[in-house]
Amino acid sequence: MNEDKLKIGGHEFNSRFILGSGKYSMKLIEAAIKYAGAEIITLAVRRANTKENENILDYIPKGITLLPNTSGARNADEAVRIARLAKALGCGDFVKIEIMRDSKYLLPDNYETIKATEILANEGFVVMPYMYPDLNVARDLVNAGAATIMPLASPIGSNKGLATKDFIQILIDEIDLPIIVDAGIGRPSQACEAMEMGAAAIMSNTALATAGNLPAMAEAFKNAIEAGRKAYLAGLGRVLTRGASASDPLTGFLRD
Amino acid sequence: MENQFFVDSEFLSPGALAKKHQLENDPASRKNHMEYLPGMEIIKSDVCESVMSHVNSYEPGKYAASDVKAALEHDTCTIEDFKALLSPAAENFLEQMAQRARLETSKHFGNTVYLFTPLYIANYCENYCVYCGFNCYNHIQRMKLSMEQIEHEMKIIADSGMEEILILTGESRTKSSVEYIGEACKLARKYFRMVGLEIYPVNTDEYKYLHECGADYVTVFQETYDTVRYEQLHLFGHKRVWPYRFDSQERALMGGMRGVAFSALLGLSDFRKDALASALHVYYLQRKYPYAEMSLSCPRLRPIINNEKINPLDVHEKQLCQVLCAYRIFLPFVGITVSSRESAEFRNGIVKIAATKVSAGVSTGIGDHESKYTGKESSDAQGDEQFEISDSRSLEKMYSDISEEGLQPVLNDYLYV
């Protein structure tokens, strides 16, 4: 159990909780990271300050892996340009592809995401694409060089939980890359459930940002994610959908 | 009670005064406000019809408390729910609306508040809009900044830490040409991450040109969606053409702009209908251009130079708050801007509920940032302001006030790509 690491593009992490940083005060980032036990934090390149005013990078402790995202990109071309900009800004090789052609629900554009993934993977980025859970797309992303697959649980910011549960399960069952559930996870119990299903990690922002006590909620998520992971590794017991398990089976009389 | 908009200036020539009076008193002397002028592009769009069919049939008085309660219980807000939330019946549910609005705001924007500042580069205007300080018959100090002066202003603003700028002009194509504005955008790109425009409506190819010059966001206020009232308030000039103005945002998006902003000027007509129209304008255009970023403003009428008595009539702070909460519940994903027309107290309160963007370090005059930002008297001439602002906080003060409220100020949320 101690050797259970999250592996992304040749890097190893102990924590399976990826933090968002976009919806709460920068002053809370350090506490959020601490209580979440997080080792990766996302960063919207479009919001990165270029001037001396409060710079989000100043609030992120050293040793934490930055995961710049391409939010604001409407197509592959824009995402690629934002990713290159992030690298030039010194944010490292990781990039989370977010391409939205819809400003209302912010649903990811799978087609453009595949295109951007291929280009950036070829350039040496560790590409983590945010996507709508579709098995064919996930396979295309694997072929395009993605390091993980990040399916949404429900619309971003909605806190509605695992609305796409069955489809995420299919990705977990069929795709060899880590499946990181991203967007829509609103409660620790939902994070735990996704981890029990076999998700490799959870990414969350709004659930923490909208909580009454952000550090406390970060810790609650951390514990839930760890519990879910342990349950998954332990192997969950079976669940009967109907009736009970009879100690005297109806078919016990059969002789051969 | 109505506003008394007509003010005569002793500086007008007898001929100009006679023309002004004729425009004011003889509707037949005014051009058809629904007819395009030569050079105005006509686009094929059904957005206007979709919006106005709702607005024309909207009867705010017919909604009851039960409709408002039902609207607040629904997971998603339908157009019918939105109409209920804008109705007089909803005024008794303001706190519940605010609670719901705050929840929606936090889900979509967290605790962030964006900051920007406007930069007026010229106040020449060829229109007679009776409520506006820039109107062509109002005797004010007119000015158009040179490129050197614009750059000087921009440097001062950028030095204050601001990363987003909104460039404004009066509506005069001859004094402030599209090329002049384009050059200002190119300069702005040197100093700011995000450049917005609030200028007279232009054609698609001109929006495309301005986008190429660095502008990414276009704001056009419809002022009022009530075409009859619009005709009585915009007596002369290009701005008088209501449908060309209505289609501005769509032309801007067709021209490649990332985002567009909308607004009615509350207090000009029935504010509930104007709020309904503004939000539906966003709603239908978003369905047609789902990738576009959209935002709403909610200005109320303010006093102007030479007419201190102009006021927003029945749109008090409570009504304004109701409109903003209804906007947020109906369109959780849109930006909502509250300008310095409103008081510091109102803006401090509303950013905790529904607003996501506020201006800071504001001047609505021309060429006076140096004196306002540094206290240093400028030797250059200055142009008069468009309206009186209410909240004059600097960027620094606004930043610290917002932070003290537990919110996170954000100076930029865009990348020009």
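A strand here is a DSSP run of E with at least two residues, and strands are numbered from the N terminus. Strand 5 of chain A, residues 65-69, is one such run, and Asn69(A) lies in it. The model is predicted.

- Asn69(A) counts as buried because it has 26 C-beta neighbours inside 10 Å. The cut-off for buried is 20 or more.
- Asn69(A) and Ile97(A) are 28 residues apart along the chain, yet their C-alpha atoms are separated by 5.9 Å.
- Leaving aside residues up to four places away in sequence, Asn69(A) touches Thr42(A), Leu43(A), Ala44(A), Val45(A), Lys96(A) and Glu98(A).

**Helix 5 of chain A**
- Helix 5 of chain A spans residues 135-144, and Val137(A), Ala138(A), Leu141(A) and Ala144(A) in it are buried.
- Viewed down the axis of helix 5 of chain A, these buried residues fall within an arc of 120 degrees, so they line one face of the helix.
- The face turned away from the buried side carries the exposed residues Asn136(A) and Asn143(A).
- The cover over the buried residues of helix 5 includes helix 4 (110-122), strand 7 (126-131) and helix 6 (165-174) of chain A.
- Gly145(A) follows helix 5 of chain A, and its phi is positive, near 105 degrees.

**Two loop residues of chain A with positive phi**
- Most residues other than glycine have a negative phi.
- Leu106(A) has a positive phi, near 55 degrees. Leu106(A) sits in the loop between strand 6 (94-97) and helix 4 of chain A.
- Asn159(A) also has a positive phi, near 60 degrees. Asn159(A) sits in the loop between strand 8 (150-151) and helix 6 of chain A.
- Leu106(A) counts as partly exposed because it has 19 C-beta neighbours inside 10 Å.
- Asn159(A) is buried, with 21 other C-beta atoms within 10 Å.

**Helices 4 and 13 of chain B**
- Two packed helices are described by the angle between their axes and the distance between the axes.
- The axes of helix 4 (residues 79-86) and helix 13 (residues 317-330) of chain B come within 9 Å and cross at roughly 165 degrees.
- That angle makes helix 4 of chain B roughly antiparallel to helix 13 of chain B.
- The crossing of helix 4 and helix 13 of chain B is right-handed.
- Phe82(B), Leu85(B) and Leu86(B) in helix 4 meet Val323(B), Ala326(B), Ile329(B) and Phe330(B) in helix 13 of chain B.
- This contact has 7 nonpolar residues, no polar and no charged.

**Helices 6 and 7 of chain B**
- Helix 6 (residues 147-159) and helix 7 (residues 178-191) of chain B pack at about 30 degrees, with their axes 10 Å apart.
- Helix 6 and helix 7 of chain B are therefore roughly parallel to each other.
- Helix 6 of chain B passes helix 7 of chain B in a right-handed crossing.
- Residues that meet include Met147(B) and Ile150(B) in helix 6 and Leu187(B) and Tyr191(B) in helix 7 of chain B.
- The residues of this contact divide into 8 nonpolar, no polar and 3 charged.

**Where chain B touches chain A**
- In this contact, 26 residues of chain B meet 28 residues of chain A.
- On the chain B side, helix 5 (94-109), strand 8 (293-297) and strand 11 (408-410) each supply at least two residues.
- Helix 5 of chain B gives the most to that side, with 4 residues.
- The chain B side has 11 nonpolar, 10 polar and 5 charged residues.

Technical notes: Residues numbered from 1 in each chain as written. Chains lettered and ligands numbered in written order. Predicted model: local features only at pLDDT ≥ 70, side-chain atom pairs only at ≥ 80, totals over all residues. Buried ≥ 20, exposed ≤ 12 C-beta atoms within 10 Å, placed from the backbone. Arc of directions from axis to C-beta. Contact = placed C-beta atoms within 7 Å. Axes fitted to C-alpha atoms, helices over the stretch in contact; angles between N-to-C directions. Parallel < 35°, antiparallel > 145°, perpendicular 65-115°, else oblique. Left-handed = near helix turned anticlockwise from the far one by under 90°. Nonpolar A, V, L, I, M, F, W, Y, C, P; charged D, E, K, R; others polar.
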